[in-house]
Structures are given as structure tokens and as C-alpha cells.
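Here is a friendly walk through one protein chain, written for someone seeing it for the first time. Have a look at the sequence and the model, then read on.

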Amino acid sequence: MKHKITFRLIGYFSAVLLLFSLIAGLLFWVLFAWRTAEIHEAELKKRAVSIADTLSQFSQRGQKGRGQSGGYGAYMRFLDEIAMSEVWLADEHAQTIQVCQSSSSLSYSELPAGAEELIAQVFAGNVVANTEFSPLLDVPSITVGAPVHDAAGNITAAVLLHSPINGISSAQRDGIVILVFCILTALFLASILSVLLARHFIRPLRKIGQAADKVMKGDYSARTEVRQNDEIGALAGNIDGLFVQLANVEEERKKLDKMRQDFVSNISHELRTPVTVIKGSLEVLENGLITDPGEMQEYFRQMSSDTAHLQRLVNDLLELSRLQNTNFKIEKSDLNLADILKEAVRSMQRIAEQKQVTILLENEAGNVCFFGDYGRLRQMFMIILDNAVKFAPADSAVSVKMYYEEKGFREEKEPRGKKKDSEKEKLVISISDRGSGILPEELPYIFDRFHKERSEQNKSGSGLGLPIAKQIAERHQIAIKCESNARDRTSFSFIFSPEMPDVMSSEGIL
């Protein structure tokens with residue numbers, strides 16, 4: 001449903017505003033009515049006291065013999081107009097009430113219940129008010145009573161002022177009308193504010209949703225393009241970061257898929273050829289097509305060679321798989337790198353002599369202690385030596401050199417509390433040949449599985465030797481790199497970092 005958030009915001013704002021308005025209206029109704037009645041009552045009391053004081057003065061003058069008929073009578077005739085209310089004058093002893101406007105009188109027996117109590121309180125000297133006279137006046141009214149005193153201070157009469165409260169109710173209605181108008185205006189403004197807020201929130205959310213939809217369809221380059229300095233902006237930034245990670249994961253997945261396809265293709269190729277040759281040879285022998293013992297021996301020799309190739313390929317695959325498994329433990333111990341290198345060179349001498357290749361070993365570093373796996377390190381050097389001898393031309397030499405790299409750096413040490421500079425150097429073992437070299441575009445891939453040169457010299461290679469050597473080097477934290485000019489020189493270097501705690505010289509830690 002479109003604009004659902006907008007409608008919800010309008011509903012929430014309206015509900016809160018209405019609830020607030022109802023509470024405010026109720027409080028307004030109660031407080032306004034109470035305050036208006038209080039003000040009106042206070043005003044009536046003030047007028048009643050003023051009238052009572054004036055009547056008291058007329059009464060006191062009459063008692064002194066000055067005559068009050070002229071002034072008192074005129075004042076009584078116009079008293080209702082002066083007081084702006086209906087005025088009654090009550091006599092306690094005569095039990096009568098004089099109605100000034102109509103010049104008539106009432107007896108106490110005609111008063112409603114509760115009205116006599118007000119008169120009694122007035123004759124007790126109090127200025128009081130109530131609404132008990134309303135039934136007698138036939139209109140809701142407030143009655144205020146004030147005492148009239150003679151010269152001796154005695155209360156001779158009570159002034160009763162009656163004022164209808166219709167004006168108060170009308171004022172309350174006007175106030176409610178104004179309140180309703182304000183509520184409607186506030187609802188209109190709240191609706192506009194809700195729409196504006198909804199747009200502010202919905203627009204970036206819509207962009208985020210559209211970007212997420214593109215990513216779900218495979219477009220990992222999509223971005224939210226939301227730039228806000230608030231929680232939504234932070235959410236959009238996190239989602240963009242997630243999209244970047246998903247793009248990287250997708251790229252890695254594609255690479256893995258390609259590697260998997262290449263692996264299946266390569267392993268199929270590597271297995272298909274020897275298996276086809278073995279199968280064909282067996283069929284020829286089985287059908288008796290070959291009877292000459294010499295030819296049969298040649299077939300057996302070829303099948304044995306292909307079987308050995310298959311066995312070596314399977315062993316290399318298992319070896320590489322084990323080395324790539326981080327849970328596979330290699331057996332490390334203290335050893336001498338010089339001894340391992342000599343052993344590897346000695347083992348390759350016979351193969352090198354068959355190709356009329358000389359292996360020259362030059363050790364400038366002397367004895368170097370190292371903590372590693374003897375067999376794995378020997379295997380690593382043997383793989384590189386085997387490749388060097390394989391690609392080296394006849395009557396050439398393969399150079400094996402172990403030395404400390406002159407490009408060192410200085411590190412501050414603190415023996416016996418004194419600082420001293422000591423130069424630390426990297427240990428390097430290089431194996432170089434004068435073969436055909438490696439093309440520059442091939443160098444980044446030489447350590448990939450099944451990547452090998454398709455030449456007569458490497459027809460027996462499986463393409464797994466260099467990956468195995470690289471895995472052994474990484475398990476020993478040894479850096480391995482290859483340099484080649486693609487014409488007549490290739491060099492593999494094993495670099496032992498001076499910060500490695502496993503590398504030691506005969507004189508101590510490097």
C-alpha cells in the first residue's frame with residue numbers, strides 16, 4: 001500500500017492532538033467555569049458590600065434625626081439599576097423580603113430550601129453567596145448577601161443581590177467554539193507536517209529499497225545515494241558498505257567458480273591423457289594385436305610411465321590439499337638451513353648430471369638455525385631446483401646462493417640499560433638458472449594450480465609443484481618471489497624476514 005507511512009503519521013499526530021485537545025478542553029471547561037464564577041461572585045460581593053454600606057449610612061442618618069426619606073427612597077427606587085442586578089432587602093425579625101424593583105415583598109416561607117440559611121449567615125455578619133434562590137427566580141443565578149448595620153453596629157437588614165449566570169455559560173460556549181477552531185486548525189497543520197515528515201523519511205527509504213532491489217537482481221554496483229546526517233543516513237551508509245562487501249563476495253565467488261572450472265578442466269585433461277593411453281595399450285595387448293616381445297615390453301614401459309605420472313599427480317593433489325588446510329599440522333623442530341640446502345642440492349646432482357647441468361652452491365651466511373619442518377623445507381627447495389634443472393640448457397649452471405641482504409634497517413636495542421643500534425639483515429636463498437625464462441604475462445599465475453608451460457621440457461609436469469612450494473613457504477612465513485627476463489634467466493628467491501623469531505644465525509638472533 002502506497003503512502004502507508006504518511007497515513008500512519010497523520011493518524012498518530014491526529015490521535016495525539018485529539019487526546020491532548022480533549023484533556024485541554026476538559027481542563028479549560030472546568031477551570032474557565034470555576035474562574036469565571038469566582039470572578040463574577042467576587043464582583044457581586046463587592047457590589048453587595050457597597051450597597052449594604054450605603055444603606056447603613058442612610059440608616060444611621062435616620063437614627064440621628066436628619067431624615068432619610070428623600071435620599072433613601074430615591075436610592076431604593078433606583079437600586080436595581082445602580083447594582084445592575086436584582087436587589088432584595090431582607091428583614092430578620094419581620095421575616096419578610098422587600099423586592100426593590102417591584103416594590104413587593106416575600107415571606108421566608110416562600111423561600112426554597114437553603115435560602116434561609118444564606119440569610120441567617122448574613123445576619124451573623126458574613127458576606128456569603130450561593131445559588132439556592134435560582135428556583136424562586138426561575139433562572140440559574142448567583143445570590144450574594146451582605147449585612148446592613150445601624151449606628152450601634154447591629155445588623156438590621158440583609159442585602160441580597162441576584163445575578164443570572166447565563167453570561168457565564170455564554171462565555172463558556174464561546175471559549176469552546178474557539179477551542180474547537182484551534183483544534184481543527186492544529187489538525188490541518190499536523191496533517192501538513194505529517195506529509196512533510198513522511199516525505200523526509202520515505203524518500204531515502206525508497207532509495208534504499210530501490211538499491212536493495214537492484215542488488216537482489218544481481219546489480220552489485222547499486223548504491224543508495226542517501227547522504228543525511230541522521231540515523232537514516234547512517235543506515236544508508238551501512239547498507240552501502242554491505243553492498244560493497246556483497247560485490248566483493250560475488251567477485252570472489254566468480255573467481256572461485258572459475259578456479260573450480262579450471263581445476264576440473266585441468267585435472268580432467270591431466271587424467272584423461274594417461275588413462276586413455278593406458279586403456280588403449282591394454283586393449284591392444286588384450287586383443288593380441290601385439291605379439292613381438294620387444295613391442296610388448298615397450299607398451300608395458302609406457303603404461304608404467306603413465307601410471308607413475310597418475311600416481312605423482314594424485315600425490316601432489318593430496319599434498320597440496322593438506323598444506324592448504326590450516327588444521328593440518330606440520331612437524332617443526334630446530335634445524336640448520338645450510339644442511340637442508342646441501343641435502344637438496346646433493347639429491348638433484350644426479351638428475352642434473354644426466355642433463356649435463358652443474359649446480360653451484362654458494363653459502364655466504366654460514367650455519368643458520370631455523371625452526372621448521374625439515375622434510376617440507378627440503379621438498380620446497382627440491383621443487384624449485386627440479387624446475388631450474390629441467391629448464392636449464394645443457395652445459396649450463398644452476399646457481400644456488402644463501403646470503404644476507406645488504407639492504408637492512410636499524411633497530412634500537414637496550415642491553416643492560418643502554419640503547420645501541422644494531423643492523424638487522426634479511427636472509428635470502430636464491431635459485432637461478434639460464435633457461436628460456438618466463439613471459440611477463442605468465443608471472444602472476446605461476447603459483448596457480450595446473451598452470452604450467454606447455455613445452456617438451458615440461459611434458460611430465462603436473463602444474464602443482466610451484467603451488468606446493470608456495471604453500472610450504474607460507475606455512476613457514478617465508479616470502480617467495482620470482483624474477484625473469486623472459487629470455488635467458490629465471491630466479492626464485494626465498495626471503496626470511498629479520499623479524500621472524502624462527503631465524504637465527506650461529507651468532508644469535510638476526
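Which residues in α10 meet which residues in α11? On the α10 side they are Arg 376, Leu 377, Gln 379, Met 380, Ile 383, Ile 384 and Asn 387, and on the α11 side Gly 465, Leu 466, Ile 468, Ala 469, Ile 472 and Ala 473. "Meet" here is about contact, meaning heavy atoms within 4.5 Å.

Before going further, a word on where this comes from. This is a predicted model, in which local features need pLDDT of at least 70 and side-chain atom pairs count only at pLDDT 80 or more, while totals for chains, interfaces and linings use all residues. Residues are numbered from 1 along each chain as its sequence is written, and side-chain values use heavy atoms, with hydrogens and water left out.

**The chain as a whole**

The secondary structure comes to eleven helices and 17 strands. Helices (H or I, at least four residues) and strands (E, at least two) are DSSP runs, numbered from the N terminus. Of the 510 residues, 36% count as buried. Buried means under 20% relative accessible area, exposed means over 50%, and partly exposed is in between (1.4 Å probe, protein chains only). Take the contacts between residues at least 6 apart in sequence: 65% of them join residues at least 24 apart.

Helix α10 covers residues 374-391, and its 18 residues should span 26 Å at 1.5 Å a residue; the end C-alpha atoms are 26 Å apart, which agrees. The expected span is 1.5 Å times one less than the number of residues. The helix is mostly covered, with 13 of its 18 residues buried.

Its N-terminal end is capped by Asp 373, which has a side-chain oxygen 3.1 Å from the backbone nitrogen of Gly 375. That is a polar contact (a pair of N or O atoms within 3.5 Å; within protein, one must be able to donate a hydrogen and the other to accept it, and residues adjacent in sequence count only if both atoms are side-chain atoms).

Axes are lines fitted to C-alpha atoms, for helices over the stretch in contact, and angles run from 0 to 180 degrees between N-to-C directions.

| Helix pair | Axes | Angle |
|---|---|---|
| α9 and α10 | within 9 Å | roughly 40° |
| α10 and α11 | 9 Å apart | about 145° |

The helices α9 and α10 are therefore oblique to each other; angles under 35 degrees count as roughly parallel, over 145 as roughly antiparallel, 65 to 115 as roughly perpendicular and the rest as oblique. The crossing of α9 past α10 is right-handed, whereas α10 passes α11 in a left-handed one. A crossing is left-handed if the near helix is turned anticlockwise from the far one by less than a right angle, and right-handed if clockwise.

Where α9 (residues 337-354) meets α10, the α9 residues include Leu 337, Ile 340, Ala 344 and Ile 351, and those in α10 include Tyr 374, Phe 381, Leu 385 and Val 389. Tyr 374 is partly exposed, with a relative accessible area of 35%. Leaving aside neighbours within four places in sequence, Tyr 374 is in contact with Leu 335, Asp 339, Ile 340 and Glu 343.

Asp 395 is exposed, at a relative accessible area of 65%, and its phi is near 60°, a positive value in a residue other than glycine.

**Helix α11 and what follows**

Among the buried residues of α11 are Leu 466, Ile 468, Ala 469 and Ile 472. Next comes Gln 477, again with a positive phi near 60°. Gln 477 sits in the loop between α11 (465-475) and β14 (479-484) and counts as exposed at 56% relative accessibility.

**Two stops elsewhere**

Asp 240, in helix α7 (residues 231-286), is buried, with a relative accessible area of 9%. The side chain of Asp 240 reaches the backbone nitrogen of Thr 224 at 2.9 Å.

Val 159 lies in strand β6 (residues 155-164) and is buried, with a relative accessible area of 0%. Pro 147 is twelve residues from Val 159 in sequence, and their C-alpha atoms are 6.3 Å apart.
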